[in-house]
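Here's a quick tour of a protein model, starting on the surface and moving on to where the chains meet. Have a look at it first.

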Amino acid sequence: MRRDETETALLETRGLTVRFGGHVAVDGVSCRFREGELTAIVGPNGAGKTTYFNLVSGQIRASAGRVLLEGRDVTRLSASARTRRGMGRAFQLTNLFPGLSVLENVRLAMQAREGRGFRMFSRAMGDWELLDEAERLLQQVRLLSLAEMPVTALSHGDQRKLEVALLMALEPRVFMFDEPTAGMSADEAPHVLDLVAGLKGQPGRTVLLVEHKMDVIRELADRIIVLHNGVLLADGPPDEVMDSEIVQEVYMGQALTDV
Amino acid sequence: MTARRSWLLAAVVAAILAALAAAPFLFPGVRAMDTAARICVFIVLAASYDLLLGYAGIVSFAHVMFFGMGAYGVALASTHLGREAPGLVLGAGAGMAVAVVLAALIGLFSLRVRAIFFAMITLAVASAVAVLVSQLSGLTGGEDGLSFQIPRALSPAAKYLSEPLTGIDPAALPGAIFGGGETGGLFTEVKANGKLAAYYLVFASMLVLLALMRRLTVSPFGSVLMAIRENEFRAEAIGYRVVRYRIAVTCISAGIAALAGALYAVWLRYVGPDTVLGFPIMVDLLLMVVIGGMGTIWGAVIGVTLFMLARGYLQDLMAAAQGAVAADLPALAVFLEPDRWLMWLGILFILSVYFFPSGIAGRLKAGR
């Protein structure tokens with residue numbers, strides 16, 4: 001038996017498929033994500049990476065196939081319910097609470113995690129436990145000096161950092177990053193990637209990372225899966241996958257059509 | 001919270017509340033006290049509407065219907081159960097219960113789908129209820145409404161002190177200070193009767209409900225409402241059950257609106273479709289909230305006060321202004337014809353929305 005099947009997967013998709021009209025955007029993707037592992041999901045533009053993420057985190061409904069979280073079927077659960085069960089997602093296009101402050105954004109995520117949203121008679125700003133935690137997290141992502149600023153006043157790079165912070169604030173078991181450093185300046189990106197790397201190897205956690213930069217993937221990923229036209233094309237250790245003929249072909253083809 | 005605390009906003013709101021607290025002693029006359037009581041009731045109504053509109057970003061056209069339910073609850077209970085206090089409380093409670101249940105039903109059926117669908121459903125239900133109230137004249141008094149008696153302790157016939165209390169007439173103040181007028185005119189007599197007691201019941205209830213709503217908006221629950229307003233999709237994605245929060249705030253605001261209606265009924269000792277249910281009131285309410293500033297409870301206080309004062313006294317003000325310019329500028333006097341007060345009210349509102357898009361409270365708060 002391969003190692004895959006003996007160990008329990010934290011997250012698993014079985015034959016996950018979604019059709020938009022006649023177009024099959026994700027086509028029967030079966031994949032297991034183990035504890036402590038950082039899996040990079042790569043593929044050319046339009047390969048279905050983000051759509052796959054949307055299926056896993058519940059933003060869109062699968063046409064066929066299943067999503068299992070710790071062996072339990074969550075395919076029919078809403079995105080919100082999946083989050084409450086320990087899945088967390090950061091978005092490719094920044095998706096924050098624009099009119100609220102940076103601190104409030106993070107605090108809201110922590111408040112959701114703790115299930116304290118229905119408290120009506122205490123002061124939200126009196127919950128020091130969460131506020132302290134939020135400040136610590138903002139310090140980690142180097143946003144503490146901007147804590148009181150509204151999100152709309154932040155630079156694009158800082159908004160991307162906050163996007164990552166919101167996911168960290170949820171303390172999920174499944175971390176899903178969708179190009180976390182896209183649009184970030186060259187001196188900010190490594191710091192955010194360090195945070196992502198820090199999640200590797202932790203018990204009870206698994207990290208999924210959609211990323212384009214090959215050097216980043218080579219350095220961070222324990223494993224790579226390649227999607228192409230919605231189909232799982234390759235799955236294995238980074239060096240092996242990246243040097244494989246089929247992946248070279250896909251990326252070369254992409255490069256040629258781009259020209 | 002990005003909102004920097006603004007002393008100007010706090011001062012304005014404190015001044016309004018202080019003026020309302022002292023209204024019977026500061027502004028003599030039945031009409032002034034009546035205006036003050038209406039302001040108190042509508043502050044509660046507008047603030048509860050702001051919970052929906054400003055905090056949760058939900059547009060409802062049924063808010064005045066819930067207000068009417070509380071009012072009719074009191075009216076029906078007082079008519080059928082007698083004028084004593086327990087019946088009044090029961091009526092208010094029943095009106096509130098019906099409002100909350102109906103709000104929950106509307107929310108369950110429509111908030112799952114889309115916020116705009118909720119707006120349309122509330123419009124339909126509110127129209128249906130308004131028709132129903134005017135048709136079921138046997139029960140509701142139809143278009144004529146219901147006049148009823150309230151507990152003796154709150155009616156003008158109840159006397160509490162043998163001697164009247166002393167109030168001050170600010171209009172006589174300059175005369176008193178500069179010695180021009182009669183000094184005696186400065187002081188007015190305020191009868192310590194049931195009407196005064198009723199006013200303070202309305203005022204105290206307003207303070208309690210306002211404090212409660214204020215607390216709600218700064219609570220974790222309130223913070224989730226704002227998160228949903230800002231980005232429903234992300235609120236859902238970080239694990240909040242958006243529909244539940246929406247239904248909860250719909251029920252809470254409906255319940256408070258019903259209580260405001262009950263207070264209004266106690267004050268007026270009358271309910272009718274035009275006073276507690278009509279669509280024109282819904283439009284007024286929207287204006288009050290928008291002018292005052294959405295998304296802050298204090299905005300409701302300012303918006304209601306301005307609106308009610310304009311509506312109550314603009315005509316008088318125009319008559320005075322017309323008299324002043326009639327001799328010298330007859331052309332201007334035509335425009336200041338008191339009968340045209342609604343036009344001027346409209347112009348004032350357009351200007352205020354144009355210059356203060358975030359409402360007066362929003363403007364006072366940050367100067368952003």
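## A greasy patch on chain B

B:Leu329, B:Leu332, B:Phe335, B:Met343, B:Ile347, B:Leu351, B:Tyr354 and B:Phe355 make up a nonpolar patch on the surface, and together they have about 810 Å² of accessible area. Two elements of chain B give two or more residues each to this patch: α16 (330-335) and α17 (341-355). The largest share, 5 residues, is from α17(B), while B:Leu332 sits in helix α16 of chain B.

A word on terms: patch residues have over 30% relative accessible area and no salt bridge, with nonpolar side chains (Val, Leu, Ile, Met, Phe, Trp, Tyr) joined within 5 Å and like charges within 9 Å. Accessible areas are Shrake-Rupley values with a 1.4 Å probe, and for residues only the protein chains shown count as cover. Helices (H or I, at least four residues) and strands (E, at least two) are DSSP runs, numbered from the N terminus.

## What you're looking at

This is a predicted model, where local features need pLDDT of at least 70, side-chain atom pairs count only at pLDDT 80 or more, and totals for chains, interfaces and linings use all residues. Residues are numbered from 1 along each chain as its sequence is written, chains are lettered from A and ligands numbered from 1 in the order in which they are written, and side-chain values use heavy atoms, leaving out hydrogens and water.

## Where A meets B

Chain A puts 38 residues into the contact and chain B 29 residues, contact being heavy atoms within 4.5 Å. The two chains bury about 2800 Å² between them, with 61% of it on carbon and sulfur atoms; that's the accessible area (1.4 Å probe) lost on being put together, summed over both parts. A:Phe97, A:Phe118 and A:Met120 supply 20% of what chain A buries against chain B, more than any other three residues.

## Salt bridges

How many salt bridges cross the interface of chain A and chain B? The rule (a side-chain nitrogen of Lys or Arg within 4 Å of a carboxyl oxygen of Asp or Glu) finds 1 there. B:Arg234 and A:Glu163 meet in a salt bridge through their side chains, at 2.6 Å from N to O.

Over all chains, the count comes to 26 salt bridges. One of them pairs A:Glu129 with A:Arg116, the closest N and O atoms being 3.3 Å apart. This pair links distant parts of the chain, 13 residues apart: A:Glu129 is in helix α5 (residues 128-140) of chain A, and A:Arg116 is in the loop between α4 and α5.
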